[in-house]
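This report looks at how charged side chains pair up in a protein and at the sheet that surrounds them. Please keep the sequence and the 3D view open while reading.

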Amino acid sequence: MHICLKRVWNLLRYDHLDHGGKLILDTFLQTDIPIGKVSTRTWDCENGDVITMENKVVKVDYVNQYTVSYGRYEKWRQVR
C-alpha cells in the first residue's frame with residue numbers, strides 16, 4: 001500500500017473525526033507552475049502614490065505542494 005494511502009487509512013481507523021465529520025482529500029496534483037515566471041500587480045493609492053508588487057517563482061515542490069517565491073514591493077510617488 002502506498003505511504004499516503006496508509007496515512008489516510010490510519011486517519012479513518014482511529015476515529016479522528018467527530019461524529020458526522022467528513023474527510024476531504026485533495027486528489028488534484030497541479031503540475032503547471034512555471035519556474036522563473038514573474039507576475040506584477042499595481043495598486044493606485046488615494047494620494048496618487050502607486051504600489052507595485054513583483055512576484056517570481058523560484059522553486060516548486062509538486063509532491064509536498066509548496067512553492068518558494070521572491071516578492072518585491074515598491075511604493076512610487078510622483079514629485080511635483
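## A salt bridge between R77 and D49

In this predicted model, the side chains of R77 and D49 meet in a salt bridge, with a distance from N to O of 2.7 Å. Because R77 lies in the segment after β3 while D49 lies in the loop between β1 and β2, the pair ties together parts that are 28 residues apart in sequence.

Are the two partners buried or exposed? D49 has a relative accessibility of 3% and therefore counts as buried, since the limit for that class is under 20%. R77, in contrast, has a relative accessibility of 57% and so counts as exposed, the limit here being over 50%.

K75 counts as exposed because its relative accessibility is 58%.

Taken together, D49, K75 and R77 are linked in a network of salt bridges. As a general point, side chains of opposite charge can pair when their charged atoms come close.

## The remaining pair

How many salt bridges does a search of the whole structure find? The search finds three, and one of them joins the side chains of R72 and E74, with 2.6 Å from N to O. E74 has a relative accessibility of 25%, so this residue counts as partly exposed.

The secondary structure of the protein comes to one helix and three strands, and from the N terminus on the elements run α-β-β-β. The three strands form an open sheet in the order β1-β2-β3, with antiparallel pairing. Because β1 and β3 stand at the edges and each has a single partner strand, one side of each is left without a neighbour in the sheet. Neighbouring strands of this sheet are turned by 20 degrees against each other on average, when direction is ignored.

Between β2 and β3 there is a loop, and Q65 has its place there. Although Q65 is not a glycine, this residue has a positive phi of about 55 degrees.

## The protein as a whole

Of the 80 residues in the protein, buried residues make up 9%, and D49, at 3% relative accessibility, counts as buried. The protein exposes about 7,700 Å², and carbon and sulfur atoms supply 54% of this area.

Among the contacts in the protein with a separation of 6 or more, 26% are accounted for by residues 24 or more positions apart.

How values were computed
Residues are numbered from 1 along each chain as its sequence is written. This is a predicted model: local features need pLDDT of at least 70, side-chain atom pairs count only at pLDDT 80 or more; totals for chains, interfaces and linings use all residues. Side-chain values use heavy atoms; hydrogens and water are left out. A salt bridge is a side-chain nitrogen of Lys or Arg within 4 Å of a carboxyl oxygen of Asp or Glu. Buried means under 20% relative accessible area, exposed over 50%, partly exposed in between (1.4 Å probe, protein chains only). Helices (H or I, at least four residues) and strands (E, at least two) are DSSP runs, numbered from the N terminus. Contact means heavy atoms within 4.5 Å. Accessible areas come from the Shrake-Rupley method with a 1.4 Å probe; for residues, only the protein chains shown count as cover. Two strands pair if DSSP finds at least two bridges between them. Axes are lines fitted to C-alpha atoms, for helices over the stretch in contact, and angles run from 0 to 180 degrees between N-to-C directions.
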